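Thank you all for coming. Please take a moment to look at the sequence and the model before I start talking through some of the details.

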Amino acid sequence: MAGTQALMGTVTVHGFSPSGNCHKVRLLLEQLGRPYRWVETRSDIGATHTPEFLALNPNAKVPVLVREDGAVLTESNAMLCWLADGTPFLPSDAWERAQALRWMFFEQYSHEPYVAVARFICGWTPIDSPRRAELPRLRERAHDALRVMERHLAEHGWFTGAQYGVADIALFAYTAVADEGGVALEDYPMVRGWLNRVRATDGFVALPENDAEVRERLAATS
C-alpha cells in the first residue's frame, strides 16, 4: 500500500511509546512498510526538555520526525499527512481530503484534549495530584466527542472517507485506550465496532502495555 513517500529514505522518530500521538506515527509507518528508526524519548521524565531535544522542537513535545536530510517535522497529524501523501491512506481528491482533515482537526481540538488528558492524569500523575479534580469535566467533554463519532459511524464505516486512512489512525490512538482515563465505551457500539475494524487492518500494531507503575495508578483511579 506504500506510495511515493515510502520510496524515500528512512526517517527517525523521537517518540514516547505509551503516547497515543506518537503511536499514530508508528502505526502508519508500520502499515506503509516504511523503514524508520525509533528513538525512545521519555517525556514523562523530562527528556523533551534537554537542549538537544529543544533544538529539534522548541515546543518540547513528542513526536518529532527527522528526515535523512535533517529536515524536522513536528505535530503528529502533520506527520500522518506527509507520510501518507500519494498513498491510499490519504484521499487524492481535494474535497475528500478536506473531509479527512476535518476529522483530524476534530481529534486535536475536541477529542485529544479530553480523552488523552484524562488518561494522562490517571496514569502519569501522582494519586494525590490536584489535577485529578479536572477528571469529571474532562470525562464529560470526552463523552461529547464520542457521541459525535458514534453518530458519524452510524452512517459511515470510516472517518477518512470510503476507506481506512489517516483520520482513522488519528482518532483510533486515544479512543482505543479511553477507558484508561475513566471514559467507558459501553454506550458506543458503533465506535467499538470501528475500533475492531481498525485492529483488523493489515500491519496493525497496538499500543504497548503500560508499565507496572502506570498500571498501579490506573487501578487506583476512580
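What we have here is a predicted model, and the mean pLDDT of the protein is 94, with 96% of its residues reaching 70 or more. Please keep in mind, though, that over residues 1–7 the pLDDT stays under 50, and that for this stretch the model has 15 contacts beyond four places in sequence.

Let us turn to the helices. Helix 1, residues 20–32, packs with helix 6, residues 166–175, at an angle of about 135 degrees, and their axes are 8 Å apart. The two helices are therefore oblique to each other, and helix 1 passes helix 6 in a right-handed crossing. On the side of helix 1 the contact is made by Gly20, Asn21, Lys24, Leu27, Leu28 and Gln31, while helix 6 brings Val166, Ile169, Ala170, Ala173 and Tyr174. Sorted by type, the residues of this contact are 7 nonpolar, 3 polar and 1 charged.

Now for the backbone. In the loop between helix 2 and strand 3 we find Pro63, and the peptide bond leading from Val62 to Pro63 is cis, with omega near 5 degrees. Ala60 is found in the loop between helix 2 and strand 3 as well, and it has a positive phi of about 60 degrees although it is not a glycine.

Is Ala60 buried or exposed? With a relative accessibility of 15%, Ala60 counts as buried, because the cut-off for buried is under 20%. Glu75, in the loop between strand 4 and helix 3, also has a positive phi, of about 75 degrees, without being a glycine, but at 44% relative accessibility Glu75 counts as partly exposed.

Conventions:
Residues are numbered from 1 along each chain as its sequence is written. This is a predicted model: local features need pLDDT of at least 70, side-chain atom pairs count only at pLDDT 80 or more; totals for chains, interfaces and linings use all residues. Side-chain values use heavy atoms; hydrogens and water are left out. pLDDT is the predictor's confidence in each residue, from 0 to 100. Contact means heavy atoms within 4.5 Å. Axes are lines fitted to C-alpha atoms, for helices over the stretch in contact, and angles run from 0 to 180 degrees between N-to-C directions. Helices (H or I, at least four residues) and strands (E, at least two) are DSSP runs, numbered from the N terminus. Angles under 35 degrees count as roughly parallel, over 145 as roughly antiparallel, 65 to 115 as roughly perpendicular and the rest as oblique. A crossing is left-handed if the near helix is turned anticlockwise from the far one by less than a right angle, and right-handed if clockwise. Ala, Val, Leu, Ile, Met, Phe, Trp, Tyr, Cys and Pro count as nonpolar, Asp, Glu, Lys and Arg as charged, and the others, Gly among them, as polar. Buried means under 20% relative accessible area, exposed over 50%, partly exposed in between (1.4 Å probe, protein chains only).
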